[in-house]
Amino acid sequence: MYFFASLLFSGAAIALAHAEEAKRDASQPYFNIYQGPNEQDSISNDPSTQLDYTLSGGEAYPNPYMADRLGTTGPLLISSTNLIESLAHFVHERVPERTIHAKGGGAHGWFEVTTPVGANYSMASVFSEVGKRTPVTARFSTIAGNLGNADTVRDLRGLAFKLRTEDGILDWPFLNHPVFWLRDPAKFPHFIRSQKRNPQTNTVDYNNFWDYLSANNESIYQVMRTMSDLGTPYGFRHMNGYSGNTFRAVKADDSWVYIKTIAVSDQGVRNNTNDEAIVQAGVSPDFGVQDLYDSIAAGNYPSWTIYWQIMTPLQAENYKYNILDLTKEWLVEDVPYQEIGRITLVQNPTNHFAEVEQIGFDPANMPYGLEPSADPTLQARLFAYADAQRYRTGVNGRQLPINCPLNPVANFLRDGAMNFNNQGNRPNFWSQQDLLGLAPRPYNDDNHTIWTGGAVKYLSVPSEIDFDQPRLFWNGLSERDQNNLISNVIWHLGQASDMTIRTKGCQLFQHVNETLGQAIAMGVNVTL
């Protein structure tokens, strides 16, 4: 069951050191620079009772509470190495919290192929045969709030999966909704700032929240989903995940299709009402993290069945919605789910910081057989995700054990802060003296997309089609869920003090459905 654990967490330095030792003449003295890291790895899980306190350089020290001073009442001395080291590390020990997805929990497990569907559409080896397992680390999170957020706030949730395939990392950064608030990526910083704290008061600002949403009508479908009980999931185990963005699956014969990836919770979807979420935030603000941890510790392993929605280029061209628009989903009745596998989480982290806080996800991490589409928000994410992690954990953050691939890495990215695998004595440029090999290009994708227009400065314009799926969503809710959505919006929009913003918000809901808009307007004292 835990066959992958040693690969993930025993230390990549061990394998490197052993490989180097095999090449050396044993009669020649040498210094193994990985001897120290290997020693620290070997004792990382030993109980404290078997070890003695030391400074970070390994020097023994009599007591962690001691400091050097003149007599028993005099000033402290700069020779207080233990105190200085302890305080200096203490004020530097936090990496910057994520701007989004700051609060979360995680676990380890595997992805198992359950059908041949993946292999039928992609040459990626991760899908090559039914029963094949690939080690996975998952992270679940709230999005807009900060590290101290309650897990039950009304917000989207992130479900991110790092698959360590034999051909490199495959990252699946999902959300628990199939759509998003925007389709023009330059709006993203503005949207997030409108949801965060007011720069003057440092409090949640409901005027700012609804100001952005009422001025950007393409967001209305995500607004309605978030204001329904889907906006307050019951922990992390009972929610689905969606890639949202459109990707491409490619076969060795150069043929390809568009795909969206969906993770359906095998525990079933369960949500809190607004009142339940508020109570839970006070009673158990870390419920999502705790529930996930306790479930795995009890042997109740959560799982998600993975599906693809698949469209040929011709089907995509003729589909009623733009398949590259993140504010639209592919309706299941039009594009059915096709199962490809299952993710099961079976192992809690040993150290939250090392395995959950330091993990980084990047949708650009895709082995051959998977490719991005021209989806503009995806194109922006291909840069922004990796760069966010460079800011948080440094330019060499992918060398951290939790982010490190299991297959060999050979390139020309060298040096930089905290580099602990600098690729030995290999050239740091593409040298003809020691020529780095090139894997054969498995397919030709030069003609996968043909552009017919020139470069333009573009901003999408909301139109009537942006209200199509919101109306389908509203009409598909039960009477109870419709009433909950109305009361949730009244509770939230009613805290916006600016009556102009309240009115614009009500008008937006009215355009979706007259009954919906009038009910909300009545609840927030607006006349339409």
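Ala, Val, Leu, Ile, Met, Phe, Trp, Tyr, Cys and Pro count here as nonpolar, Asp, Glu, Lys and Arg as charged, and the others, Gly among them, as polar. By that scheme, the lining of the largest cavity has 9 nonpolar, 2 polar and 1 charged residues.

The model is predicted: local features need pLDDT of at least 70, side-chain atom pairs count only at pLDDT 80 or more, and totals for chains, interfaces and linings use all residues. Residues are numbered from 1 along each chain as its sequence is written, and side-chain values use heavy atoms, with hydrogens and water left out.

**The cavity**

A cavity is a set of points on a 1 Å grid over the protein atoms alone where a 1.4 Å probe fits but cannot get out; lining residues have an atom within 4 Å of a point. Grid points are joined across faces, edges and corners, and a volume is the space filled by probe spheres set on the points. The count is 1 cavity of 30 Å³ or more. The largest cavity holds about 120 Å³. Its lining includes Trp172, Phe174, Ser243, Thr261 and Trp308. Strand β4 gives the most to this lining, with 5 residues. Both β4 and β7 (256-265) supply at least two.

Strands are DSSP runs of E, at least two residues long, numbered from the N terminus.

Strands pair if DSSP finds at least two bridges between them. β3 has antiparallel pairings with β2 and with β4. β3 and β4 form a hairpin with 2 residues between them.

| Partner of β3 | Bridges | Facing residues |
|---|---|---|
| β2 (residues 133-142) | 7 | Phe140 and Leu159 |
| β4 (residues 168-175) | 8 | Ile169 and Arg164 |

**Rings and charges**

Rings of Phe, Tyr and Trp (its six-membered ring) pair if their centres lie within 6.5 Å; planes over 60 degrees apart count as edge-to-face. There are 22 aromatic pairs. One aromatic cluster includes Phe140, Phe161, Trp172, Phe174 and Trp308.

A charge sits over a ring if NZ of Lys or CZ of Arg is within 6 Å of the ring centre and within 35 degrees of the ring normal. Arg248 places its charged end over the ring of Trp256, 5.0 Å from the centre. The charged end of Arg270 lies over the ring of Tyr234, 3.6 Å from the centre.

Technical notes:
Helix = DSSP H or I, 4+ residues; strand = E, 2+ residues; numbered from the N terminus. 1 Å grid on protein atoms, 1.4 Å probe; cavity = no way out; pocket = protein on both sides within 12 Å on 5 of 7 lines; lining within 4 Å. Phe/Tyr/Trp six-rings, centres within 6.5 Å; stacked < 30°, edge-to-face > 60°.
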